[in-house]
Amino acid sequence: MKRKFFGLLILVFAATGAHGQQNPNLNDVEIHVLPAQGNVYMLVGAGGNVTLQVGGDGVLVVDTQVAPLSDKLLAAIRTLSKGPIRYIVNTHYDADHTGGNEPIRKAGSTIAGGNVAGDIQDAAEGAQIIAHDNVLKRMSKTPTGSWPTSTFLGDDKKLFFNGEGIAIIHQPAAHTDGDSIVFFRRSDVISTGDIFTTASYPVIDLAAGGSIQGVIDALNRLVDMIIPVYGQEGGTLVIPGHGRLSDFGDVINCREMSIIIRDRIQDMIKKGMTLEQVKALRPTRDYDPLYGAVPGWTADMFVEAVYKSLKK
């Protein structure tokens, strides 16, 4: 099942672009629902993957794909649960992960009670959107209805929802400066956003505070969190920002590739090579068949981002 949708996901990633640029023709895109484990599901359409947790307390959504697919995304959610959408968690600010924030928020309702319900007239209107504070800062030019309504500044934010603990863990200076991974502890599923993807090289948004070392640090964090089944697939499952449902081996492969490419380019920088000289030597050559075939985030773009990140 892990590889069943890989070809579809490559096409979807290419259509939306590495930084959330939307293809205007999304009429034929369908939302596919894949069970992960426990009460957590992976939803695949256009843009970033969506993670869904369902249960007696309602629905928690991690990322909301692109705006034109909001109706289809909501319909897919309703095939799994008719309960209220209580929380939306944004793993970062890119439009292919936050585009549906406003319509999905409006379809939900915030948990409120006691004095809150009596003092604030609209306390229960709309789901709560949770993200690191840097996500809100990066979304300042988007419509206010899509903004996070609850932000955090520290290393993490914790929830208990649908019978399990949920840890939202900030990873600084990785894909961006506002990335979070979401760990569903009882279901043993981690949603990574664009910190980890199987559909391309890691996307490093330098303008938004991303760095190659931050990506590697985040992948190391994921490796430490994952508990695999010895000698076989399984254990902790990982829902990437783009690509197929993954496990320990997939994350290890991505981490090792990232470290090797970083070290190669770092060595070239120490030798005084320019960016064009580094590109000409193709330091990603042996990995390009696996990671380099996605328009919107090419091997050259990855090499350039790593080079500029290390030159800082």
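Student: How many strands form the open sheet that begins with β1, and in what order do they stand?

Tutor: This is a predicted model. Strands of a sheet pair through backbone hydrogen bonds, either parallel or antiparallel. Here seven strands make up an open sheet, ordered β1-β2-β3-β4-β5-β6-β7, with mixed pairing.

Student: Which strands stand at the edges of that sheet?

Tutor: β1 (32-37) and β7 (150-152) do. Each has a single partner strand, so one side of each is left without a neighbour in the sheet. From one strand to the next, the twist averages 20°.

Student: In which sense do β3 and β4 pair, parallel or antiparallel?

Tutor: Antiparallel: β3 (residues 50-55) and β4 (residues 58-62) are joined over five bridges.

Student: Which strands does helix α2 touch?

Tutor: Helix α2 (residues 70-80) packs on the sheet and touches β1, β2 (40-44), β3, β4 and β5 (85-89). The direction of α2 makes about 150° with that of β2.

Student: What is the strand order in the open sheet of five strands?

Tutor: The order is β8-β9-β10-β11-β12, and the pairing is mixed. At the edges are β8 (156-161) and β12 (237-239), each pairing on one side only. The twist from one strand to the next averages 20°.

Student: How many bridges join β11 to β12?

Tutor: Three bridges join β11 (residues 189-191) to β12, and the two strands run parallel. In this pair, V189 stands opposite L237 in β12. As for helix packing on this sheet, α7 touches β9, β10 and β11. The direction of α7 makes about 155° with that of β9.

Student: Which residues is F302 in contact with, leaving aside its neighbours within four places in sequence?

Tutor: F302 contacts Y201, P202, I204, I212, M257, I261, T284 and W297.

Definitions and conventions
Residues numbered from 1 in each chain as written. Predicted model: local features only at pLDDT ≥ 70, side-chain atom pairs only at ≥ 80, totals over all residues. Heavy atoms only, no water. Contact = heavy atoms within 4.5 Å. Pairing = 2+ DSSP bridges. Helix = DSSP H or I, 4+ residues; strand = E, 2+ residues; numbered from the N terminus. Axes fitted to C-alpha atoms, helices over the stretch in contact; angles between N-to-C directions.
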